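Open the model in your viewer and keep the selection tool at hand. We will go from stop to stop, with a word on what to pick at each.

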Amino acid sequence: IVRREVPAFATIDDELVRAVAGHFQTYWTDALLDPGARQAHEMRLREQVSALLTEAGYDLNPESGPRALIQAIRDRGWGFQAGRTRPLQDFILWRKTEIQGYEVELSDGVQPVTVHFLDDFVSEGWSNFATFGHTGTGGWANDDGLFCISSSYDRESERFLVSYLKHEARHYADYQLFPNLEGPDLEYRAKLTELMFVGDGQGDLIGKFISHANGQSDAPHPLANYHVLTDIAGIVGLDGSPQDSSSWQNVDPDAVRAAARELFEHHNQRLYDEGSDTSTGILTTLR
């Protein structure tokens, strides 16, 4: 098999950054085609990237992890994010950033956030690569704020104002409230938040959750989708399977919003009962 360089990677004019991008392309391809050896492919990636950084004069230590790579590429003037987007290590690279502040209403208060709108992408991550640009992350949250892929959203739409802004603001708030909370529970809370606030787009949102739901998944999003749908169905008395979109057609939208709020408050209380500083969540125990 002849592997051709991703066309966008060929536009990278920095030798180090382009070499790292090439190693990620090979790793993604190998890990996707040979998932049984995923750990070995990831180890090889780490060794290759570490060798490049060492050769370029960066001082690494065993605890550096992706932080050293992130700093090295940002030092060279790029917007960059790395780390694991389950199940693979990610490589997201862009050229332009616009920053805007928002006050986001959540169910338990107003969360101020700084949104970094990202544009002129070279790499939108492994899922975008794997689907030839048909899917990928719309953004993420970390301690520095919210990060949004500009081309993915109309900023006046519910998809941005609810499914991105409120979803990611919930993450940002929860990072502070529950510092050890793991991905499935973070996503569960954020998706319940979407359903609390979504208006005319509720049916489409439920359909999106249905199409990406998996109660046995190791990935946070499909596992959270499964539990959100199952739990809400139990409260509203759904007539039919929660994984069948036709089952939801006659459910009162206000009943769905009320159920989402009830579930969120119940989940909140369970986390506080376990210990807000120590709880890692409950969803992975329910598979």
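Start by selecting Ile73 and what surrounds it: leaving out residues up to four places away in sequence, Ile73 touches Val17, Val20, Trp78, Phe80, Phe91 and Leu93, where contact means heavy atoms within 4.5 Å. Bear in mind that this is a predicted model, in which local features need pLDDT of at least 70 and side-chain atom pairs count only at pLDDT 80 or more, while totals for chains, interfaces and linings use all residues. Residues are numbered from 1 along each chain as its sequence is written, and side-chain values use heavy atoms, with hydrogens and water left out.

**The nonpolar cores**

Now widen the selection. Ile73 is among the residues with the most contacts inside the largest nonpolar core, together with Val20, Phe24, Phe91 and Leu93; the core has 28 residues. A nonpolar core is a set of buried Ala, Val, Leu, Ile, Met, Phe, Trp, Tyr and Cys residues joined through side-chain atoms within 4.5 Å. Buried means under 20% relative accessible area, exposed over 50%, and partly exposed in between (1.4 Å probe, protein chains only). Colour α1 (15-33), α2 (38-55), α3 (66-75), β1 (79-85) and β2 (88-106) to see the elements that give two or more residues to this core. Helices (H or I, at least four residues) and strands (E, at least two) are DSSP runs, numbered from the N terminus. Which element gives the most to this core? That is α1, with eight residues. Apart from this core lies another, of 26 residues, including Leu195, Phe197, Leu205 and Leu283.

**Rings and charges**

Next, show the aromatic side chains. One aromatic cluster is formed by Phe9, Phe24, Tyr27, Trp28, Phe80, Phe91 and Phe129. The structure holds 16 aromatic pairs; rings of Phe, Tyr and Trp (its six-membered ring) pair if their centres lie within 6.5 Å, with planes under 30 degrees apart counted as stacked, over 60 as edge-to-face and the rest as tilted. Zoom in on Tyr153 and Phe160, both buried. Their ring centres are 5.9 Å apart and their planes are at 65°, so this pair is edge-to-face.

Two charged residues are worth a click here. Arg155 lies over the face of Phe117, at 3.5 Å from the ring centre, and Lys166 lies over the face of Phe197, at 4.2 Å from the ring centre. A charge sits over a ring if NZ of Lys or CZ of Arg is within 6 Å of the ring centre and within 35 degrees of the ring normal.

Select His41, which lies in helix α2. Is His41 buried or exposed? With 10% relative accessibility, His41 counts as buried. Its side chain makes a polar contact (here a pair of N or O atoms within 3.5 Å, one able to donate a hydrogen and the other to accept it, with residues adjacent in sequence counting only if both atoms are side-chain atoms) with the side chain of Asp34, at 3.2 Å.

Then move along to Arg46, also found in helix α2. Arg46 is partly exposed, with a relative accessible area of 45%. Beyond its neighbours within four places in sequence, Arg46 is in contact with Arg84 and Gln89.

**Strand β5**

Finish with residues 145-149, strand β5: five of its five residues are buried, so the strand is largely enclosed by the rest of the structure. Strand β3 (residues 109-124) runs parallel to β5, joined by four bridges, and His116 has Phe147 in β5 as its bridge partner. Strand β4 (residues 139-142) is antiparallel to β5, also with four bridges. Two strands pair if DSSP finds at least two bridges between them. Look for Asn142 opposite Gly145 in β5, and for the hairpin that joins β4 to β5 through two residues.
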